[in-house]
Amino acid sequence: MTLLAVFVVLVVARVSLRGLLVHPLLPWWVRTAVFWALPLGALTWCVIMTADDAFLFPETAPCPREPMREGVLGGGEVSGISTPFPPRAYCQWEDGTVYDLAPGATFLFWVFFALTVVPLGAGLWHALRDPGSLLR
């Protein structure tokens, strides 16, 4: 069933991309924005997913293992948490305190996500309204 879902997503993405490229009303810069926004969005997603990792330099970990001062960030044990979608990386302490690690990167991800999804949606709309234009 997963393979079927992946196949359907790939077919819809292909039709959307083809519809985007042949859409007569969209300027060229909107069409090309998808091609630079998609890799930049993927790179931003990778930055967010690795924001809580401390494997390279444990002494400069983004989620300090011992509290800096009582009441500054949180108390007790801390853990770094990343959620894949919607992308978010944060530290969470035992007392419930949460500290976002990459709010700027999260904002950039959503900008790139919108710059990818909205034009592809317009391309899918064009492909569904005028299927004959895809044959040119």
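This is a predicted model: local features need pLDDT of at least 70, side-chain atom pairs count only at pLDDT 80 or more; totals for chains, interfaces and linings use all residues.
Residues are numbered from 1 along each chain as its sequence is written, and side-chain values use heavy atoms, with hydrogens and water left out. Local features need pLDDT of at least 70 and side-chain atom pairs count only at pLDDT 80 or more, while totals for chains, interfaces and linings use all residues.

Let's start with helix α1 (residues 2-22), which packs against α2 at an angle of about 145°, the axes being 9 Å apart. Helices here are DSSP runs of H or I with at least four residues, and strands are E runs of at least two. Axes are lines fitted to C-alpha atoms, for helices over the stretch in contact, and angles run from 0 to 180 degrees between N-to-C directions. Leu17, Leu20 and Leu21 of α1 meet Arg31, Val34 and Phe35 of α2, where contact means heavy atoms within 4.5 Å.

Now for the sheet: it is open, with 3 strands in the order β1-β2-β3 and antiparallel pairing. Two strands pair if DSSP finds at least two bridges between them. β1 (78-83) and β3 (98-100) sit at the edges with a single partner strand each, so one side of each has no neighbour in the sheet. β2 (residues 88-93) and β3 share 3 bridges, and Gln92 has Val98 of β3 as its bridge partner.

Finally, Met49 touches Ser82, Thr83, Pro84, Pro87 and Arg88, leaving aside neighbours within four places in sequence.
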